[in-house]
Amino acid sequence: MAVSLSASKSIAYITTCSNSTTDPLPSSSLFKSLKLPRFWPWQKVKMGPLTVSPMGFGTWAWGNQLLWGYQDSMDSELQRTFNLAVENGINLFDTADSYGTGKLNGQSEKLLGQFIREFPGDKQVKNDIVIATKFAAYPWRLTPGQFVNACKSSLERMQLEQIGIGQLHWSTANYAPLQERALWDGLVAMYEKGLVRAVGVSNYGPKQLLKIHKYLDDRGVPLRSAQVQFSLLSMGSDQMEIKNICDSLGIRVIAYSPLGLGMLTGKYTPSNLPPGPRALLFRQILPGLEPLLISLREIARRRQKTIPQVAINWCICKGTIPIPGVKSVKQAEENLGALGWQLTSDEFLQLENAALDSPQKMIQNVFQTK
């Protein structure tokens with residue numbers, strides 16, 4: 001059901017939310033005993049030739065020591081996390097050739113490839129896994145051939161024959177416009193060579209998104225996805241314009257940071273900050289999020305969900321494919337609880353109004369163009 005709503009303070013655009021608080025599936029406590037799916041087959045999302053789960057998982061933390069404290073000892077837990085996700089119907093995993101710090105550059109891709117090979121389940125389930133990886137617009141990638149080689153390196157790291165979605169990680173239009181065209185031609189080439197099944201972009205603002213869509217379309221290459229920072233903390237005019245453009249052109253929005261790097265989990269306060277560099281950002285933004293966090297707690301309590309589950313469900317209701325990051329079985333189990341139910345239209349509007357009432361918003365990614 002599609003419902004368009006307008007409110008004095010809201011720019012709500014509801015795509016899948018219901019008018020009832022009744023969940024379409026039994027509560028999460030019954031899933032294990034009854035072995036019911038987290039979502040029904042008709043709730044899967046088409047992305048050109050691909051069929052993906054309504055939520056994917058992000059793997060930025062897999063190999064990132066600086067921000068997420070990755071250590072090799074975490075690999076077995078990450079593999080259990082991956083297996084749990086796939087067993088519960090998640091088949092979209094987002095990564096990048098730049099994920100991993102220092103000598104661990106590309107570690108996220110390596111681990112994903114390893115986990116796919118070692119997945120103990122059904123072969124068809126394994127074959128249905130879609131990897132969406134992003135190729136960095138490094139300054140030394142100046143030709144289409146160099147960008148194609150980046151794709152081939154990712155395939156080698158993952159030991160795959162083909163990538164599901166090959167994405168340009170960011171646009172160079174703001175600082176190296178001449179490089180941009182070579183990167184676009186690289187996307188065309190990797191698609192034509194069959195190295196990727198679909199093409200996407202990341203961190204593209206409205207103007208550049210329209211430009212690359214036309215450029216690719218003129219060359220017979222469909223733009224299937226646009227990955228942007230999108231959450232109750234990131235619903236400014238640019239993000240909404242990107243969403244509207246994507247809807248009109250048949251491009252799927254992949255929402256990264258749907259939990260605002262953890263600010264929408266309810267786990268942190270100004271006096272209880274996460275370790276590492278995130279603490280600086282949290283200290284600046286958290287004090288201004290009280291109206292939103294109160295609404296999230298209210299709805300979570302009423303629906304017997306958790307705050308992260310409510311925040312992720314809002315992204316799904318908005319018509320995006322959220323990709324919350326996971327690095328533990330516990331996180332995966334909680335995120336899976338965002339599936340199988342829907343916010344009501346009243347709850348949806350309550351959250352958007354609370355977000356607009358909150359004086360602080362997420363800082364926009366500096367890599368996103370206009």
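How many of the 370 residues of the protein chain count as buried? The share is 56%. The model is a predicted one. Its protein chain holds 14 helices and ten strands, and eight of the strands form an open sheet with parallel pairing. Of the contacts between residues at least 6 apart in sequence, 77% join residues at least 24 apart. The chain exposes about 15,800 Å², of which carbon and sulfur atoms supply 53%.

**Sheet order and edges**

- The strand order in the open sheet is E3-E4-E5-E6-E7-E8-E9-E10.
- Strand E3 (57-58) and strand E10 (321-322) are the edge strands; each has a single partner strand, so one side of each has no neighbour in the sheet.

**Strand E5**

- Six of the six residues of E5 are buried, so the strand is largely enclosed by the rest of the structure.
- In a regular strand, side chains alternate between the two faces of the sheet.
- In E5, Val130, Ala132 and Lys134 point one way, while Ile131, Thr133 and Phe135 point the other way; all are buried.
- E4 and E5 run parallel and are joined by five bridges. Leucine 92 has valine 130 of E5 as its bridge partner.
- On the pairing with E6, E5 forms four bridges, again in the parallel sense. Here threonine 133 is partnered by glycine 166 of E6.

- Strand E8 is mostly covered, with six of its seven residues buried.
- E7 and E8 run parallel, joined by four bridges, and glycine 200 stands opposite serine 225 in E8.
- Alanine 226 lies in E8, which spans residues 223-229. With a relative accessibility of 1%, alanine 226 counts as buried.
- The C-alpha atoms of alanine 226 and valine 201 are 4.9 Å apart, although 25 residues separate the two in sequence.
- Beyond neighbours within four places in sequence, alanine 226 is in contact with Val201, Leu209, Cys246, Ile251, Arg252, Val253 and Ile254.

- Threonine 265 sits in the loop between E9 and helix H10 (278-285).
- Is threonine 265 buried or exposed? Its relative accessibility is 12%, so threonine 265 counts as buried; the cut-off for buried is under 20%.
- The side chain of threonine 265 reaches the backbone oxygen of glycine 262 at 2.7 Å. A polar atom of this side chain also lies 3.2 Å from the backbone nitrogen of lysine 267.
- Not counting residues up to four places away in sequence, threonine 265 touches Leu259, Ile307 and Pro308.

**Helix H12 and its packing**

- Helix H11 (residues 290-303) packs against helix H12 (residues 307-317) at an angle of about 100°, the axes being 8 Å apart. This makes H11 roughly perpendicular to H12.
- H11 contributes Leu296, Arg297, Ile299 and Ala300 to the contact, and H12 contributes Ile307, Val310 and Ala311.
- H12 also packs with helix H14 (residues 345-357), at an angle of about 105° and with axes 11 Å apart. H12 and H14 are therefore roughly perpendicular to each other.
- That contact is made by Val310, Trp314 and Cys317 of H12 with Phe348, Leu351 and Glu352 of H14.
- Asparagine 313 is in H12 and is buried, at a relative accessible area of 1%.
- With neighbours within four places in sequence left aside, asparagine 313 is in contact with Ala338, Trp341, Gln342 and Leu343.

Methods. Residues are numbered from 1 along each chain as its sequence is written. This is a predicted model: local features need pLDDT of at least 70, side-chain atom pairs count only at pLDDT 80 or more; totals for chains, interfaces and linings use all residues. Side-chain values use heavy atoms; hydrogens and water are left out. Two strands pair if DSSP finds at least two bridges between them. Helices (H or I, at least four residues) and strands (E, at least two) are DSSP runs, numbered from the N terminus. Buried means under 20% relative accessible area, exposed over 50%, partly exposed in between (1.4 Å probe, protein chains only). A polar contact is a pair of N or O atoms within 3.5 Å; within protein, one must be able to donate a hydrogen and the other to accept it, and residues adjacent in sequence count only if both atoms are side-chain atoms. Contact means heavy atoms within 4.5 Å. Accessible areas come from the Shrake-Rupley method with a 1.4 Å probe; for residues, only the protein chains shown count as cover. Axes are lines fitted to C-alpha atoms, for helices over the stretch in contact, and angles run from 0 to 180 degrees between N-to-C directions. Angles under 35 degrees count as roughly parallel, over 145 as roughly antiparallel, 65 to 115 as roughly perpendicular and the rest as oblique.
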